[in-house]
Amino acid sequence: MRARDLMTTNLVTLPPDAPLEAVAHALADRGISGAPVVAPDGTLLGMVTEGDLIKRLSAKDRVETGWFAGLFQSAADQAARYARVHGHKARDVMTTELATVGE
């Protein structure tokens, strides 16, 4: 079995500024588990999946790292975590580490 046997050809794409509520509705309404996030020129920026949305929701319930432990995290890591927990747009929660599988 190949990816083409399972994939859809009616692709749904999301702009990076799409509100998370609209992202959740787009996934649910179409019965899909993820969608690519693309720039206005069509460049792939990342993917938003159900898992990304769930991680954001579950991160709100976690106990925040104490200030002392925060001293050992990079500013970039802290900023990325803050955006994932408090973000409201597709770009805040999308996965950007993408890989091509197979040929």
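Student: Among contacts between residues at least 6 apart in sequence, what percentage join residues at least 24 apart?

Tutor: That's 54% in this protein, where a contact means heavy atoms within 4.5 Å. Keep in mind that this is a predicted model, where local features need pLDDT of at least 70, side-chain atom pairs count only at pLDDT 80 or more, and totals for chains, interfaces and linings use all residues. Residues are numbered from 1 along each chain as its sequence is written, and side-chain values use heavy atoms, with hydrogens and water left out.

Student: Why is D52 called buried?

Tutor: Buried means under 20% relative accessible area, exposed over 50%, and partly exposed in between (1.4 Å probe, protein chains only). D52 has 2% relative accessibility, so it counts as buried. Buried residues make up 25% of the 103 residues here.

Student: What makes the D52 and T95 side chains a polar contact?

Tutor: The rule asks for a pair of N or O atoms within 3.5 Å; within protein, one must be able to donate a hydrogen and the other to accept it, and residues adjacent in sequence count only if both atoms are side-chain atoms. The D52–T95 contact comes in at 2.8 Å. A polar atom of the D52 side chain also lies 2.9 Å from the backbone nitrogen of T49.

Student: How do you know that β1 and β2 pair?

Tutor: Two strands pair if DSSP finds at least two bridges between them. Strands β1 (residues 34–38) and β2 (residues 44–49) have five, in the antiparallel sense, with P36 opposite M47 in β2.

How values were computed. Helix = DSSP H or I, 4+ residues; strand = E, 2+ residues; numbered from the N terminus.
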